[in-house]
Amino acid sequence: MPFIDIFSMLNTFLLVSAAFLGLGIVEVQIPFLSNSPDLKEQPQRSYSLRIDINENEIITTGQWTAEPIEKSETKYQTTDADIARFHTDLIAIRNKVPENDKVTVYIEDKVLYEQTVKVLDAIKTLNPKDPPLTIPATAGEDPAKAKIKQSYLFDKVVIGSVIL
Amino acid sequence: MASAGGDSGESLSLNLTPMLDIFSILVTFLLMSYSTDPTNHDVDANLELPDSVTLVNMDEIPSIVVNRKEILINNKSVVVLDNGKVPASDIQQGAVFPVYKALLEIAETNKKAAEVLRNPASDEKKAKPGEITIEMDKKHNFEILRRVMLAGQQAEFITFKLLVAKPGVD
């Protein structure tokens, strides 16, 4: 009988303290103005990737900041199948331009938060089934940092529509 | 074996072996999923989090909660939503003004704490712009999030961690 008593107590304690829902975070940034000097040397020609999300569509626009601009625009529906296609295309863009790890996202006011998170997931997270990124390691880079870099598709997501 | 007797004089015996089996399995399952993570958080009862495949675990308790009825900052209600929208009287320069005021207080507190903790020998001259975690109902639209983020931006918070539900407990 003491054995059953212990089991009952343990069960009660564990059931009360159990976390049945795993909680995670999706980190995003918003633009801000700073008066401190920009210490980073900007490359003369860089790739800019913009993603517009509205109720029915996701529009990806990529272009270089200097000639040749090579502007490309692709439209996707907000269905699960099309979001998967959008994610695959982003992997291809990331592998094509490995130095660009930033995406600016513009979201319409009517888009549901649930839909927003789904698209942000497709932009940021590299799934275990996805092919590995072919990003060359920077000289002298911390291996731990390089590993983290490989687990994100696009690490920096800036919500461009949050601006005065 | 436990037994129970009634008025009729008949005795019933209770077989405890299957119950012990169930208990053992339950205890094993619960012990395996038991988390000693100090950042345990109970999600607000008035909201449902969006699902996500993110690999990043929650690392701090959300300061901003936007449930179906109101906006709370550190568990204190600052705005009551009107049909899922921020009332026009609470909006200033596109941002939710009561949220801005509450976040400004948090930013000031954080700055003071950073001043105390800063190493005088360090080269760091200015505190980095803040980070804040938001817990929001999945059925809200982006307009609310935009207005809350704008309030955060005005209070010098530029990194937002959106709290999401992960499909499997790790």
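Modeller: A salt bridge is a side-chain nitrogen of Lys or Arg within 4 Å of a carboxyl oxygen of Asp or Glu. This is a predicted model, in which local features need pLDDT of at least 70 and side-chain atom pairs count only at pLDDT 80 or more, while totals for chains, interfaces and linings use all residues. Residues are numbered from 1 along each chain as its sequence is written, chains are lettered from A and ligands numbered from 1 in the order written, and side-chain values use heavy atoms, without hydrogens and water.

Biologist: What makes the meeting of B:Arg146 and A:Asp109 a salt bridge?

Modeller: Their side chains come to 2.8 Å, N to O, which is within the 4 Å limit, so the pair qualifies. Across the interface of chain B and chain A the rule finds three salt bridges.

Biologist: Which elements of chain B supply at least two residues of the side that touches chain A?

Modeller: They are helix 1 (17-33), strand 8 (130-136), helix 3 (142-154) and strand 9 (157-166). Helices (H or I, at least four residues) and strands (E, at least two) are DSSP runs, numbered from the N terminus. Strand 9 of chain B gives the most, with 10 residues.

Biologist: What joins strand 1 of chain A to strand 9 of chain B?

Modeller: Eight bridges join strand 1 (residues 22-29) of chain A to strand 9 of chain B, and the two run antiparallel. Two strands pair if DSSP finds at least two bridges between them, so these two are paired. Within this pairing, A:Ile25 stands opposite B:Leu163.

Biologist: How many residues does the contact take from each chain?

Modeller: With contact meaning heavy atoms within 4.5 Å, chain B gives 53 residues and chain A gives 47.

Biologist: Why does B:Asn75 count as exposed?

Modeller: Exposed means over 50% relative accessible area, buried under 20%, and partly exposed in between (1.4 Å probe, protein chains only). B:Asn75 has 72% relative accessibility, so it counts as exposed. B:Asn75 lies in the loop between strand 4 (70-73) and strand 5 (76-80) of chain B, and has a positive phi of about 65° although it is not a glycine.

Biologist: Why is B:Asn83 given as exposed?

Modeller: Its relative accessibility is 78%, so B:Asn83 counts as exposed. B:Asn83 is placed in the loop between strand 5 and strand 6 (91-92) of chain B, with a positive phi of about 55°.

Biologist: Which peptide bond is cis?

Modeller: The bond from A:Glu67 to A:Pro68 is cis, with omega near -10°. A:Pro68 lies in the loop between strand 3 (57-64) and strand 4 (72-77) of chain A.
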